[in-house]
Amino acid sequence: MATFDILVLPGDGIGPEVTAEGRRALEAIGERFEHVFRFTPDTVGGGAIDAYGVAIRPETLEAAKRSDAVLFGAVGGPKWDSPRAPVRPEQGLLALRRELGLWANLRPVKAEPALLHASPLRPEVLEGVDMLVIRELTSGIYFGTPQARRVVNGRREAVDTDYYNEEEVARVAHLGFRTARERRRHLTSVDKANVLASSRLWREVVSEIAPEYPDVTLEHVLVDAMTMHLIRRPASFDVVIADNMFGDIITDEASMLGGSMGMLPSASLGTLREDGLGLGLYEPIHGSAPDIAGKGIANPLAMLLCTAMLLRHSCGLEEEARALERAVQRAVEDGLRTPDIAAKGERTLGTREMADAVLERIGG
Ligand SMILES: NC(=O)c1ccc[n+]([C@@H]2O[C@H](COP(=O)([O-])OP(=O)(O)OC[C@H]3O[C@@H](n4cnc5c(N)ncnc54)[C@H](O)[C@@H]3O)[C@@H](O)[C@H]2O)c1
């Protein structure tokens, strides 16, 4: 019987509502497959700002480092949104990524056949969409220095720096190639090499590594073209790698292919151990959805799929991960819907009921 320590950071808005279901899913898996999950709940984001004046406390970061995985809901909301606020909720997330060295963000995007109607795209374009986007997470323009805003000669100006070194690019490239090998052996690398020096380095390093993976086909695509191809031929992508900012943008675009933000999970991983596992942070790609917070109608499926990724990447429990993913798929195939994925007139379930429907289908 294996024991795993999970730090649970529900955050703000619908974060606590969906995280509670993620925790229940792990408990259900633990019961069925005889594992023990020990949960440590803590505060992050707006809640932490209210309680402690910081978006995350140092002791929470220490607890994260000691755990096997972090289950994270979402942070933010109108209360803390002022651009002039000295502390911002998302600083808690950025601190976690930095302190835990989580440099890769994995976002699988799948168009469930039963949900094709929920996307604004035509069903025939979406058929067969099954891709994994890997976004570099700890470098690039979000972290490069100088980053500053100043007044020069009475005029406001601001500067950001898009920095990458070859090691940062290489580790993402290797992860992309290795992952593609286990899937359909196709890797798309996204950059803006026609304009940016950092992108030219990105492309050079990815191309240099490619011969180590002769069985994987590599395609370079400029980010502006990529935004178009994602809509025109989304099913042609298998594994996609991108830097921090481009990855941020194209993953949100890609999320529309899955129908709803409420369906898509993500995993943030650092350098893995020899056994291919490691500490990871698992969070749905959606935010705190203040418009539906407290109503009990948030879609818990993204969070349940996050727990499946947690089982796979941090616990090495592939069979359990698949059991949970299959249960989600069955619930959707059986016509169960939260409001965000329901067609007009379809009966809908609340957060708890939807999660119950999935848990009933584990191993069924
Ligand atoms: N990682 C994070 O914690 C994270 C990510 C994105 C946004 N945010 C924060 O969340 C707040 C709201 O941001 P936003 O409105 O741009 O994005 P959002 O993802 O919270 O919501 C966008 C839309 O999707 C819907 N939605 C999101 N998740 C859903 C779910 N599980 N089920 C059903 N519907 C769902 C919302 O109701 C809303 O209409 C902001 O404060 C933002 O900064 C946090």
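## Pro146 and its cis bond

Pro146 sits in strand 6 (residues 144-152); strands here are DSSP runs of E, at least two residues long, and helices are runs of H or I, at least four long, numbered from the N terminus. Thr145 and Pro146 are joined by a cis peptide bond, with omega at about 5°.

A quick word on the model itself: it is predicted, so local features need pLDDT of at least 70 and side-chain atom pairs count only at pLDDT 80 or more, while totals for chains, interfaces and linings use all residues. Numbering starts from 1 along each chain as its sequence is written.

## Two loop residues with positive phi

Asn153 lies in the loop between strand 6 and strand 7 (155-161). Its phi is positive, about 50°, although Asn153 is not a glycine. Asn153 has 5 C-beta neighbours inside 10 Å, so it counts as exposed (buried takes 20 or more other C-beta atoms within 10 Å, exposed 12 or fewer, partly exposed is in between, and C-beta atoms are placed from the backbone).

Glu34 is in the loop between helix 1 (15-33) and strand 2 (36-41). Phi of Glu34 is positive too, near 60°, and with 9 C-beta neighbours inside 10 Å Glu34 counts as exposed.

## Helix 8 beside helix 9

The axes of helix 8 (residues 223-232) and helix 9 (residues 244-255) come within 10 Å and cross at roughly 10°. That makes helix 8 roughly parallel to helix 9 (the label is for angles under 35 degrees; over 145 is roughly antiparallel, 65 to 115 roughly perpendicular, the rest oblique). Axes are lines fitted to C-alpha atoms, for helices over the stretch in contact, with angles from 0 to 180 degrees between N-to-C directions.

From helix 8, Val223, Met226, Thr227 and Leu230 meet Phe246, Ile250, Glu253 and Ala254 of helix 9 (contact means C-beta atoms, placed from the backbone, within 7 Å). This contact is made of six nonpolar residues, one polar and one charged. Nonpolar covers Ala, Val, Leu, Ile, Met, Phe, Trp, Tyr, Cys and Pro; charged covers Asp, Glu, Lys and Arg; the others, Gly among them, are polar.

## Around the ligand

The ligand has 22 residues around it, and Gly76, Gly262, His286, Gly287 and Asn299 come nearest (a residue is near if its C-beta atom, placed from the backbone, lies within 6 Å). That shell holds eleven nonpolar, seven polar and four charged residues.

Helix 10 (residues 301-313) is mostly covered, with 13 of its 13 residues buried.

Val125 is in helix 5 (residues 123-126). Val125 has 17 C-beta neighbours inside 10 Å, so it counts as partly exposed. Its C-alpha atom is 6.8 Å from that of Arg233, 108 residues apart along the chain.

Note on methods:
Two residues are in contact if their C-beta atoms, placed from the backbone, lie within 7 Å.
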